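Here are my notes on this model. Please read them alongside the coordinates.

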Amino acid sequence: MIGPELHARIRRLFFAEHWRVTTIATQLGVHHDTVRRVIERARCIRPGRQVRPSTLDPYKAFITATLEQYPRLRATRLWAMVRERGYPGSAIQVQRYVRTVRPAARAEAYLRLDTLPGEQGQVDWGHFGPIRVGSTTRRLSCFALVLSWSRAGYARFALDQTLESFLRGHVEAFAALQGVPRTLLYDNLKSVVLERVGEHIRFHPRVLELAGHYHFAPQPCAVARGNEKGYASYCTSLVGCGADLRRRAHAESPFHL
């Protein structure tokens, strides 16, 4: 069963543009029998049955176009929008029409990301709460770099999240892991990405300098796609091991694992 928008396009292309049935079927991606059924229904009206115009008819195109842009918009909100544009009818009529034209929800699929050895590493800051240092309380952070293929990782504790601590974490991680991944994935950290407009990214010049020295490519995750960088995020958000890590941080100087 086709929707009213496609139904109207078939009728327009046949009766107004005089396209052939096969041409319409090819261009719209439907079966030619479907096109013929729509045309025959348009030509024939059942005896004794009259098609009465609806007060919603002038607003159907607006509702359909709005749902294409905002498919989860509630029918009551659409009713309020068309009422402001002069629609005199009830919300029930709008709700019935919305049920027939609302785009079906598409389940979002996540592709499992597999990398080659040495191809990718993932970097993130972790937060482990306050820690007592002398007579004051400081916030304990943890720099983590995890290799995507082997899950081998490096973690270094710090009492700040400054750019210097961030860069130092990279240098010590490369030394501890005895190598540098070809690509390092970041979750749009402010230490890495200064500005982002769509796909256009302006990296921090110090990070680019580090990348140029060690020959790796910095790559931020897509917006709202933290799942692309799951390993480092998991490493830096282990609540269960937080107390143990704080004890280790107290016992070790400088703060690193």
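1. Buried residues account for 33% of the 257 residues in the protein. Buried here means under 20% relative accessible area, with exposed over 50% and partly exposed in between (1.4 Å probe, protein chains only). This is a predicted model: local features need pLDDT of at least 70, side-chain atom pairs count only at pLDDT 80 or more, and totals for chains, interfaces and linings use all residues. Residues are numbered from 1 along each chain as its sequence is written, and side-chain values use heavy atoms, leaving out hydrogens and water.

2. The protein has 10 helices and seven strands. These are DSSP runs numbered from the N terminus: helices are H or I with at least four residues, strands E with at least two.

3. Helix H1 (residues 4-16) packs against helix H2 (residues 21-28) at about 140 degrees, axes 10 Å apart. Axes are lines fitted to C-alpha atoms over the stretch in contact, and angles run from 0 to 180 degrees between N-to-C directions. H1 is therefore oblique to H2. Oblique is what remains after roughly parallel (under 35 degrees), roughly antiparallel (over 145) and roughly perpendicular (65 to 115).

4. Which residues make this contact? H1 supplies Leu 6, Arg 9, Ile 10, Leu 13 and Phe 14; H2 supplies Val 21, Ile 24 and Leu 28. Contact means heavy atoms within 4.5 Å.

5. Thr 183 lies in strand E4 (residues 183-186). Thr 183 counts as buried because its relative accessibility is 15%. Leaving aside residues up to four places away in sequence, Thr 183 touches Glu 119, Gln 120, Gly 121, Ala 217 and Gln 219.
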